[in-house]
Amino acid sequence: MLSSIVDAFKVPELRKKILFTLAILALYRFGAYVPVPGIPFNEFATAYQDSGVAMSMLDLFTGGALSNFSVFSLGIMPYITASIIMQLMQGVIPAVGRWAKEGDSGRKKITQVTRYLTLALGLINAVGYLLLFQSPAYGVTFSNEVPYWLTCVIIVFTLVAGTAFIMWMGELITQRGIGNGMSLIIFISIVSRVPSAIFSSINLTADLGMGIAITALILIVVLACIPLIIFIERAQRRIPVNYAKRVSGRKMMGGQNTYIPLKVNAAGVIPIIFASCILYLPAQLAAIFNVDWLTTFADWCSTGWLNWILTLVLIVFFAYFYTSMVFNPEETADNIRKQGGFIPGVRPGSATVAYIRNTLKRITLPGGIFIALIAVVPTIIFYFTGNQLIQSFGGTSILIMIGVALDTMSKVESQLKMHNYDGFFK
């Protein structure tokens with residue numbers, strides 16, 4: 001592991017990408033502590049301490065930026081929500097579906113629409129937070145030295161600009177750095193809350209020794225679960241494919257055997273992220289409209305039995321949905337037929353398509369249920385214990401962290417192998 005990291009820094013191109021990624025992430029963490037102009041910070045910090053569970057979960061995914069009311073308070077959630085909407089629109093609006101099949105030019109159109117949609121959602125969220133924090137629940141008041149309307153315009157503009165800046169940083173990492181920029185931003189937001197969660201867990205009980213023991217036990221359980229999660233993340237169902245021999249000129253072509261690797265969890269951490277965004281949507285709406293019944297519903301969606309049921313259903317749904325978006329059995333079967341291949345015991349054509357589709361459905365279900373249980377069980381434990389470390393190291397958080405870490409390590413490994421170095425997965 002350490003030798004692979006050293007080898008990564010020996011490659012000039014890879015070293016530049018890693019350092020560039022780290023610099024952008026450091027800039028993001030710096031922005032999480034830069035307060036929005038016009039906000040009385042001490043008054044807001046005092047009022048925020050009594051926030052509900054829903055706001056605490058939103059703060060977790062912003063890396064503490066929301067509790068600081070920084071320029072990055074909206075976090076990456078507007079972009080993720082916009083991406084979910086565009087993914088759903090591909091199956092609803094024919095024009096968007098055609099864009100997805102047009103290759104690079106179509107992806108550029110979808111990306112551009114996603115950006116505009118992100119700004120629109122960011123504007124709605126910014127206005128909502130502004131109204132929420134001035135409500136009786138928080139009671140934050142602005143200074144009379146600057147006109148009220150100007151203060152509101154500055155706050156909303158700063159929050160929307162912060163969202164646009166986060167989106168730009170994520171795209172920069174994806175294009176010029178290592179890994180997926182948006183996923184890494186979520187990763188660093190969650191990791192940044194772990195030290196404070198450990199400190200809070202130690203001091204949760206009056207007995208310091210008991211607090212240290214409980215914290216150590218939680219960390220041991222988390223470390224024990226990591227190998228199992230990695231095993232499921234990398235598990236595959238390999239469909240064998242044989243290619244018939246054929247003569248091309250004076251050469252004999254084909255005749256080899258290969259396989260189609262179908263991952264048990266083909267969607268990765270996307271179902272977790274998508275489900276989290278859907279479940280935190282009521283909290284965002286409650287922040288916008290500041291209605292008592294909506295706030296109560298948002299708390300129900302963020303914790304309790306309703307949250308557990310919705311999390312299970314949404315994760316399994318998005319596991320199927322995203323897998324069907326990224327893997328096309330018809331296209332795969334057609335490519336096998338064109339190359340003279342066949343699956344042993346299965347007729348080419350529609351029978352091959354049905355076989356691949358059924359296999360994909362059978363392995364997606366246990367994969368989806370597994371990640372759903374990993375996400376829900378720690379949430380149930382947190383509900384009954386109130387331990388902040390379980391919330392930070394909960395199933396959703398740990399799955400996102402492990403999934404993003406594995407994806408980033410795989411990309412670093414591919415770069416190392418291009419320069420004849422061993423990767424992380426030897």
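Visitor: How many helices and strands does the secondary structure of the protein chain come to?

Guide: The protein chain has 18 helices and 5 strands. Helices (H or I, at least four residues) and strands (E, at least two) are DSSP runs, numbered from the N terminus. This is a predicted model, in which local features need pLDDT of at least 70 and side-chain atom pairs count only at pLDDT 80 or more, while totals for chains, interfaces and linings use all residues. Residues are numbered from 1 along each chain as its sequence is written, and side-chain values use heavy atoms, with hydrogens and water left out.

Visitor: What makes Phe 72 and Phe 165 an aromatic pair that is stacked?

Guide: Rings of Phe, Tyr and Trp (its six-membered ring) pair if their centres lie within 6.5 Å; planes under 30 degrees apart count as stacked, over 60 as edge-to-face and the rest as tilted. For Phe 72 and Phe 165 the values are 6.1 Å centre to centre and 20° between the planes, so the pair is stacked. A search of the whole structure finds 6 aromatic pairs.

Visitor: Why is the pair said to tie together parts that are apart in sequence?

Guide: Phe 72 lies in the loop between helix H4 (53-61) and helix H5 (77-90), whereas Phe 165 belongs to helix H8 (residues 148-176); the pair therefore ties together parts 93 residues apart in sequence.

Visitor: Why is Phe 72 called buried, and why does Phe 165 count as partly exposed?

Guide: Buried means under 20% relative accessible area, exposed over 50%, partly exposed in between (1.4 Å probe, protein chains only). Phe 72, with a relative accessible area of 4%, is therefore buried. Phe 165, at 31%, is therefore partly exposed.

Visitor: Why is the pair of Phe 165 and Trp 168 called tilted?

Guide: The planes of Phe 165 and Trp 168 stand at 35°, with 5.4 Å centre to centre, so the pair is neither stacked nor edge-to-face and counts as tilted. Both residues lie in helix H8, 3 residues apart, about one turn of the helix. Trp 168 has a relative accessible area of 44% and is partly exposed. Tyr 28, Phe 72, Phe 165 and Trp 168 form one aromatic cluster.

Visitor: How do you know that Thr 114 is buried, and which residues does it touch?

Guide: Thr 114, in helix H7 (residues 104-133), has 5% relative accessibility and therefore counts as buried. Not counting residues up to four places away in sequence, Thr 114 touches Tyr 79, Ala 82, Ser 83 and Met 86, where contact means heavy atoms within 4.5 Å.
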